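Hi,

Here is the structure I promised to pass on.

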Amino acid sequence: MKTWLIILMLAAAFGVPRAAAAQPALRAGAAKVDVTPAENALPQSYEGVLDRIYSRAIVLDDGTSTAALISVDAGAVPDAIWQEVARRLDSELGIPSDNVLLTATHTHSVPRQDVGSYTDKIVESVRLAKARMVSARVGYGTGVSYLNVNRNIIDPLTRRWWEGPNYEGPSDKTVAVLAFETPSGEPIAVYYNYAMHAVTVGQLDMVSGDAPGTASKYIEDSFAGNVVALWSSGAAGDQNPIYFQQTYDLREIRIKEYAERGIDISNAMPPGGQGLNRDDPAVMRLMSQQKQMIQSMGQFLGEEVLHVMRGMERLQSDVRVAGRHKTVSCPGRERTNDGRAGFPGEYREAAPVEIRLGLLALGDIMIGAVNAEVFNPIAQRLKRESPYARTMLATLTNGMARSGYIPHDAGFGMYTFEVLSSRLQPGCAESAIVDGLLDLMSDGG
């Protein structure tokens with residue numbers, strides 16, 4: 001389909017006047033701001049800072065509409081932070097909340113931060129990015145990375161669901177990449193999407209961006225710091241790093257150490273590295289390997305992003321920027337028994353759960369968004385059913401739903417920790433998310 005026709009179709013869908021849609025001219029700017037907490041302000045459970053964490057932002061303008069893509073090294077974006085950032089971007093920078101995607105990288109190695117100086121820094125990253133806008137063009141491409149793996153498997157000894165690398169389980173290996181550059185080809189920013197939990201160094205109890213942070217740093221270093229690289233979390237609710245053995249080994253050490261105190265944590269998971277003897281040579285070796293692993297994963301994923309950027313075609317400047325949000329609701333439940341995995345959950349009915357959806361369209365590039373941890377088959381279904389070949393799903397975006405994990409419909413038959421802890425009743429969320437995003441693509445919601 002001709003580019004101009006796609007633009008007109010999108011303009012009609014999102015209510016953009018025909019005359020305004022005829023001559024879009026993309027501008028883009030990018031920036032990052034350090035959001036690392038001071039060491040003296042860290043919770044007592046933290047051992048220090050392993051690597052710096054950031055808020056990274058890309059601001060886009062087509063001459064009519066302005067939008068912001070933001071990626072922050074955080075476990076999640078609480079609703080209070082999303083709401084405050086969205087309010088300030090609208091009032092101070094003229095970027096409407098419908099055009100904002102604020103995504104957490106989902107690193108498990110940062111303490112929770114609150115509204116205040118933290119939100120100031122997120123807003124500042126967007127302010128700087130907007131101030132740096134120049135004429136630009138955008139390209140889209142995809143690559144492949146085998147760093148992720150489905151993490152739900154039947155234990156061969158107990159014959160029950162547990163956590164481990166399921167090489168046969170659903171797992172999308174796609175790395176989707178958006179590259180922004182000047183009309184003369186000077187790089188500005190890259191926005192990449194991959195489905196993998198950032199959990200490798202969580203037991204160190206040190207501040208870290210984990211693999212998303214090392215991947216973005218590797219990409220930025222490859223351009224001598226002249227590019228800002230934003231990770232967006234794909235549908236990783238059931239996806240772990242494939243190289244995770246050190247974490248499993250540390251878990252076994254911790255189970256034995258607790259058992260010596262008369263505490264059984266074999267079907268539980270204390271936070272971080274709680275309970276580990278950090279002076280144990282085996283623990284020290286495994287933790288050192290974890291630090292090495294995030295560097296290796298960052299380099300390999302970064303290299304794949306660079307590979308995609310080198311072969312990118314169809315870079316365009318005549319793209320219309322348009323965004324929409326909507327909320328869907330599904331029946332809720334509350335669990336009444338214990339146990340991390342392997343046994344049926346018991347539940348009572350609870351209040352409905354609202355799930356916030358978003359869509360940012362850059363011409364015929366569709367970035368769908370959901371404010372929760374979503375199982376991989378849901379994103380795969382979205383991409384299959386989307387009328388646009390260039391579609392991705394950014395999860396953990398624009399707040400945090402009360403849902404807990406969101407399994408696909410078939411996933412509710414598994415007694416995994418994600419399914420057991422989900423606050424959703426089966427049979428609603430998968431179609432609510434996919435159909436809701438397709439509605440946003442087709443008619444603006």
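Below is what I found in it, topic by topic.

First, the ground rules. This is a predicted model, so to speak of a local feature I needed pLDDT of at least 70, and side-chain atom pairs count only at pLDDT 80 or more, while totals for chains, interfaces and linings use all residues. Residues are numbered from 1 along each chain as its sequence is written, and side-chain values use heavy atoms, with hydrogens and water left out.

Let's start with the disulfide (a pair of cysteine sulfur atoms within 2.5 Å). The count comes to one: Cys-330 is joined to Cys-428, with 2.1 Å from S to S. It links distant parts of the chain, 98 residues apart, with Cys-330 in strand β15 (residues 321-335) and Cys-428 in the loop between α9 (417-421) and α10 (429-443). Helices here are DSSP runs of H or I with at least four residues, strands are E runs of at least two, and both are numbered from the N terminus. The link is left-handed, with -75° about the S-S bond.

Next, helix α10. Its 15 residues should span 21 Å at 1.5 Å a residue, and the end C-alpha atoms are 21 Å apart, which agrees; the expected span is 1.5 Å times one less than the number of residues. Buried residues in α10 include Ala-429, Ile-433, Leu-437 and Leu-440. Helix α8 (residues 376-385) crosses α10 at roughly 35°, and their axes come within 10 Å. For that, axes are lines fitted to C-alpha atoms, over the stretch in contact for helices, and angles run from 0 to 180 degrees between N-to-C directions. On the α8 side, the contact is made by Ile-378, Arg-381, Leu-382 and Glu-385, and their counterparts on α10 include Glu-430, Val-434 and Met-441. Contact means heavy atoms within 4.5 Å.

Now strand β4 (residues 66-72). Seven of its seven residues are buried, so the strand is largely enclosed by the rest of the structure. Thr-66, Ala-68, Ile-70 and Val-72 point one way, and Ala-67, Leu-69 and Ser-71 the other. Strand β3 (residues 54-61) runs antiparallel to β4, joined by seven bridges, and Leu-60 stands opposite Ala-67. Two strands pair if DSSP finds at least two bridges between them. The hairpin of β3 and β4 has four residues between the strands, and Gly-63 there takes a positive phi near 95°. With strand β5 (residues 100-104), β4 runs parallel over five bridges, and Val-72 stands opposite Ala-104.

There is also an open sheet of three strands in the order β9-β8-β14, with antiparallel pairing. β9 (161-166) and β14 (239-241) are at the edges with a single partner strand each, so one side of each has no neighbour in the sheet. Helix α6 (residues 245-260) packs on this sheet and touches β9 and β14.

Most residues other than glycine have a negative phi. Asp-205, however, has a positive phi near 55°, and Leu-396 has one of about 50°. Asp-205 is buried at 14% relative accessibility, and Leu-396 is buried at 3%.

Cheers

Key:
Buried means under 20% relative accessible area, exposed over 50%, partly exposed in between (1.4 Å probe, protein chains only).
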